[in-house]
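Here is a briefing on the structure shown below. Please keep the sequence at hand while reading.

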Amino acid sequence: MTRPAATHAIAIETRALTKRYGGIDVVRDVSLRLPVGSRTALLGANGAGKTTLLALLSTLVSPTSGDATVEGYPLAGKPAALRRVIGILGHQPMLYEDMSAAENLRLFGRLYGVLDASTRVEELLRLVGLWTRRDERVSVLSRGTHQRIALARALLHRPHILLADEPETGLDPEGLVLLDEVALASPGLTVVAASHRVDRVEAWATGLVRLQRGRVVEDTASVPHAEAVGA
Amino acid sequence: MNAGLAVIMKDLRLAWRDRAGWTTAGAFAMIAVLVYSFAFDLAVGDPRPLLPGVLWTTFLFAGVFASGPTVQRETDEGTFDALLLAPVPPTVIYLGKAIANLIALLVIEFAVLAVATILFGIALLTTTIVGIVIVGTAGFVSLTTLLSTLGASTRARGMLLPVLALPLLIPLLLAAVRATGAALDVEPEAAPWSLLLGVFALWSALIATILFPLAVER
Amino acid sequence: MSLLRWVYGTRWVVLPPLAGVGVMVMIIGALVVAPREAIEGDVQRILYVHFPSILAAYLSFAIVFVASLVVLFKRDLRWDAAARAAASVGVLFTGITLGTGMFWGKPIWGVYWTWDARLTSTLVLFLIYVAYLLARAVADELDEQAARFAAVFAIIGALDIPLVVMSVEWWRTLHPQPIVFRGLERPALPNEMLFVLLVGFGGITLLALWLMTLRGEAERLAQRSAALRAGLDRNEVV
C-alpha cells in the first residue's frame, strides 16, 4: 500500500456504536480505534454481537446510535467509496450456486468496478487453487471449495480492509493455511475477524476485542488518541 | 450502468439456469388456459368476450407465483446481502431483478398467446395486444418483484404474496382486460383503458424504485 | 411536540366519556330525534352509522399512511404499533360500513350487494388493509424488517387507492351494464337529520380514536413484553 500512513493511521474508528434488535442492544456502546494494518480478532460467545458489529462496519446494517468511520469515510450515507475498500468474508459463502466460480467472481468484479477483472479473476482463482475448476457450477463443489471462492471474492477488488465472520467455517487444514497466508495475516491489510477458535487466532492476530452481550469487555487492539496521531 | 447491466445479465442467466421455476410457471399458464376453456366452454361459440379475462388472470397468477422463488434463493444463499454490500445503488439491484422477471414472464405470455391463437383461431399476437401485454406486465412485475424481494427476508412468503399483490393490482387488471377486449373488437374502448394501463405501469415502476432502497435498509 | 404529548396524555380521561356520550346521543338521535325518511322509511336510519363509519375508516387509513412513512424514515417501532392499531380500526369500520350498507341495500335495492363503483372500491380498500394486517401479523412484534415491509405495503396501498377508485368508476359507469339503482343523489337533508349525522360523525370518530389508542397501547405492551423476553433470554434485566 502506497498511501501515506499518517492520513489513514486509523483504519476503523467507532464511537459508542449501538445496534438495537428485537428490544435488546445486540451491540452496545462499542468504541474502537483500529490502526491501519492491524489484525483484530473479535472474540465472544454466540450472540455476543460479533456478527452484528461486522454487519455494522460493512454498512449492511445501520446503527441505532453512535457512529463510525472506516478509512475516514463515515458509515452514515453508506458511500460507495467506503464499500469499495471493504472486503467481506462471511460464514456463509454468499455465492450464486447456479453459476460457476469464474462467473461469480466476474459478476462481483463488475459490481465493484474492477478494471482488470479477467486477469484479476484468473490470478485469484489460481491463488485459491481453483483455476482448473473455474467453470464448474458452485452447487456441485464442496463446502470447503465454496469458502475458497468466497475468499477470492473478498479479495477481488483489492480491499484495504477485510471483515471476516468465522472465515474458518468449512475449510480443511490446507484451506486454513491459505486463509492465513492470503487474508488474515496478509501484510498491509487491516483485518477484523470474528472467531471462536482462540487457538487459531494467535497465528495472525495483532490484537483482541472480546465482546460479551454486545459490550466490549476486553480490547487490546485499539490505540489511544495520542499514539494514533504520532503513528 | 455497467453494474446495472451486470445485475440484469446475472438474473437472466440464473433464470435460465434455474429453468425449473419458470418452466413450471409456463406450464401453469398453459394449463390454466386449458382449464378455463373447459370451465367456460370457450371451445364452443365465440370465446372473445371471455378471453381477455382468461388471459390476464392467467398472466397475473403466473407472475405472482413465479416471482417468489427466485428471490427466495437469493435471500437463502446470502447473495442478496452480497449485492447490497457492493458499491452499487440498491435501485440497480431491484431493476435487475424486475427486468429479468419481466423478460422471463413475457416469454411465457407470448407462448400462451401463440397457443391460444391456435386453440381459439383468433389472432392474438397483434401489435396492439402485444403492446398491451408488455405495458401491463411491466406494471405488475414492478410491484410483485418489490413485494417478493422484501417479503423474502420476512416470513411473508408463499400464499401471502398473492393476497398482498392482487388487491393492489385490480386497477391494472381492469384496464388490461378492457383494453384487450377493445383490441379484440368485443367492446368499444369506452374509457381510456390503455392510458390507465400506461399510467399504472409508470406509477408502479416509479413507486417501487423509490421505495426499494428505503425498504432494504436494516 | 410537547403539546401533542400533552393531548395524547389526556386520552384516557377525554376519549372514553366523549366517545360514549357521542355514540349514545347518536343512537338516541337516530332512533328518536331524526324524522322517518319519506321514501326509504326507518331503514334509512342506518345512514347515521354507515356514513360516519366510512369517514372514521378513511381517517384511520390516513393515520396508517402517515405512521408507515415515519416507520420507513425514522425506523421507530412505536409508529409501527400506531400503524397496526389504526389499520385494525380502519378495517373494523370499513367492515361496519360494508355490513350496514348491505342491510340498507337489501330493502331499498332488493339486493345485499351490487357492483356499484363506490361499493366495489370500498371492498377493494377493505381487502388492501386486511392484506396489510396479514403482512404484519406473520412476523414478531419487534421484527423491524417485517415492520418496514408492512410499511412499504401500506404506502403502496394508500397511493393505489386513487387508481382503484378511478378504474372502478370507469368500469361500472362506462362499461355497459344493467342499471340496478339510480345512485345516491338525494335531496338536502333536513336539519334534524343533519344534526344527528354530525353527532354520529363526532361520536364515531372519537370511538375510532379511542379504539386506536387501546389497540396501540396493546401493541406497545406486546412489543415491550417481547423485548423483556429477549432480554431474559440473554440473562439481562432491561
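Predicted model: local features only at pLDDT ≥ 70, side-chain atom pairs only at ≥ 80, totals over all residues.

Residues are numbered from 1 along each chain as its sequence is written, while chains are lettered from A and ligands numbered from 1 in the order in which they are written. Chain B has nine helices and zero strands. Chain A holds an open sheet of four strands and an open sheet of six.

**Chain B: overall build**

- The elements of chain B run α-α-α-α-α-α-α-α-α from the N terminus. Helices (H or I, at least four residues) and strands (E, at least two) are DSSP runs, numbered from the N terminus.
- A compact globule of 218 residues would have a radius of gyration near 17 Å, and the 18 Å of chain B agrees with that. The radius is taken over C-alpha atoms, and the globule rule is 2.2 Å times the number of residues to the power 0.38.
- Along the principal axes, the C-alpha atoms of chain B fill a box of roughly 55 × 35 × 30 Å.
- Of the 218 residues in chain B, 51% are buried. Buried means that 20 or more other C-beta atoms, placed from the backbone, lie within 10 Å of the residue's own.
- Among contacts in chain B with a separation of 6 or more, 82% link residues 24 or more positions apart. A contact needs C-beta atoms, placed from the backbone, within 7 Å.

**Chain B: helix 8**

- Helix 8 of chain B covers residues 170-183; its 14 residues should span 20 Å at 1.5 Å a residue, and its end C-alpha atoms are 20 Å apart, which agrees. The expected span is 1.5 Å times one less than the number of residues.
- In helix 8 of chain B, 13 of the 14 residues are buried.

**Chain A: the four-stranded sheet**

- The strand order is 2-1-4-5 in chain A, with antiparallel pairing. Strands pair if DSSP finds at least two bridges between them.
- Strand 2 (24-35) and strand 5 (73-74) of chain A are the edge strands, each pairing on one side only.
- Five bridges join strand 1 (residues 10-21) and strand 4 (residues 65-70) of chain A in the antiparallel sense. Thr14(A) has Ala68(A), in strand 4 of chain A, as its bridge partner.
- Helix 1 (residues 50-57) of chain A lies across strand 1, strand 2 and strand 4 of chain A, at about 60 degrees to strand 2 of chain A. Such angles run from 0 to 180 degrees between N-to-C directions, with axes fitted to C-alpha atoms, for helices over the stretch in contact.

**Chain A: the six-stranded sheet**

- This sheet of chain A has the order 6-7-8-3-9-10, with mixed pairing. Its edge strands are strand 6 (86-89) and strand 10 of chain A.
- Neighbouring strands of this sheet are turned by 20 degrees against each other on average, direction ignored.
- Strand 7 (residues 161-165) and strand 8 (residues 190-194) of chain A pair in the parallel sense over five bridges. Asp165(A) stands opposite Ala194(A) in strand 8 of chain A.
- Strand 9 (residues 207-212) and strand 10 (residues 215-219) of chain A run antiparallel, joined by four bridges. Gln212(A) has Arg215(A) as its bridge partner in strand 10 of chain A.
- The hairpin of strand 9 and strand 10 of chain A has two residues between the strands, and Arg213(A) takes a positive phi near 50 degrees there.
- Helix 1 of chain A also lies across strand 3 (39-43), strand 7, strand 8 and strand 9 of chain A, at about 145 degrees to strand 8 of chain A.
- Helix 5 (residues 143-155) of chain A lies across strand 6 and strand 7 of chain A, at about 170 degrees to strand 6 of chain A.

**Contacts between chains**

- The contact of chain B with chain C takes 25 residues from chain B and 28 residues from chain C. Helix 9 of chain B gives the largest share of the chain B side, seven residues.
- By class, that side of chain B has 20 nonpolar, three polar and two charged residues. Ala, Val, Leu, Ile, Met, Phe, Trp, Tyr, Cys and Pro count as nonpolar, Asp, Glu, Lys and Arg as charged, and the others, Gly among them, as polar.

Key: Buried ≥ 20, exposed ≤ 12 C-beta atoms within 10 Å, placed from the backbone. Contact = placed C-beta atoms within 7 Å.
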